[in-house]
Amino acid sequence: MRLLLLSQPLPPRSLEHLGAFVSERSVTTPYGVAGPFALRQPADAKGIWILPYFGSPTRTDPRATLWAAKDLGVQRILAWESVIGMDHSLERGDIVLPTDYIDWTRRQPTTVFETTGAGYIQQTPAFCADISAALVQHLPDARPVIYLGDEGPRRETAAESRMFQHWGAHVRGLNFVPETYLAKELELCFAAIGVVTWLGADRS
């Protein structure tokens with residue numbers, strides 16, 4: 001079962017731990033070209049496709065990224081992102097595991113297929129249960145959080161930060177929504193991990 005790792009740029013040493021570089025490939029999709037994806041081969045395991053840039057309306061259409069993943073034979077996707085800590089108990093460096101989300105995007109695509117789409121797909125659980133359970137096992141100190149998916153690139157105001165907290169959001173990010181529900185349409189298992197790198201605007 002092949003995995004795709006979606007991430008912000010990883011340092012070379014981290015990439016080396018994921019196995020030897022095998023090949024690189026870009027994929028043409030109905031939503032544009034996605035990639036290049038890098039294939040790395042861990043010892044005694046199936047290859048892992050890696051895409052260092054994803055999400056955000058200023059980059060590749062998320063539908064193209066996920067369509068390409070399906071075309072590459074990927075069945076499971078693990079996405080990594082740096083997030084903003086809304087909850088005041090979160091500090092920089094904390095690892096978080098989104099368990100649910102609030103969609104605060106306005107210009108992002110809402111479906112992959114025009115005739116049948118996300119409106120008919122159950123969104124619970126919001127993220128892949130199998131991968132999320134494995135992450136909990138390997139990262140026991142990681143915090144389960146509600147993720148607020150926004151578009152950016154503007155930072156939130158202090159008033160918005162308080163509003164998001166009132167809604168129940170613990171962190172804010174740009175790269176897991178709409179990816180997680182678009183992945184469901186393509187029958188891909190999408191899970192996510194975040195690292196708090198900024199604090200909400202209502203915190204000094």
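Is His-88 buried, exposed or partly exposed, and why?

Author: The model is a predicted one, and the description below should be read as such. His-88 is partly exposed, because its relative accessible area is 42%, and the class of partly exposed lies between under 20% for buried and over 50% for exposed. The residue sits in the loop that links strand S5 (74-85) with strand S6 (95-103).

The surroundings of His-88 may be taken next. When neighbours within four places in sequence are set aside, His-88 is in contact with Gln-165, Asp-202 and Arg-203. With one of these, Asp-202, the side chain of His-88 forms a polar contact of 2.8 Å. Ser-7, by comparison, lies 81 residues from His-88 in sequence, and the C-alpha to C-alpha separation of the two is 25 Å.

S4 runs parallel to strand S1 (residues 2-6), to which 4 bridges join it. S4 also pairs with strand S3 (residues 32-41), here in the antiparallel sense and over 3 bridges. Ile-50 takes part in both pairings: it is the bridge partner of Leu-5 and also that of Ala-38. The hairpin of S3 and S4 has 6 residues between its strands, and in it Asp-44 adopts a positive phi near 55°.

Key
Residues are numbered from 1 along each chain as its sequence is written. This is a predicted model: local features need pLDDT of at least 70, side-chain atom pairs count only at pLDDT 80 or more; totals for chains, interfaces and linings use all residues. Side-chain values use heavy atoms; hydrogens and water are left out. Two strands pair if DSSP finds at least two bridges between them. Helices (H or I, at least four residues) and strands (E, at least two) are DSSP runs, numbered from the N terminus. Buried means under 20% relative accessible area, exposed over 50%, partly exposed in between (1.4 Å probe, protein chains only). Contact means heavy atoms within 4.5 Å. A polar contact is a pair of N or O atoms within 3.5 Å; within protein, one must be able to donate a hydrogen and the other to accept it, and residues adjacent in sequence count only if both atoms are side-chain atoms.
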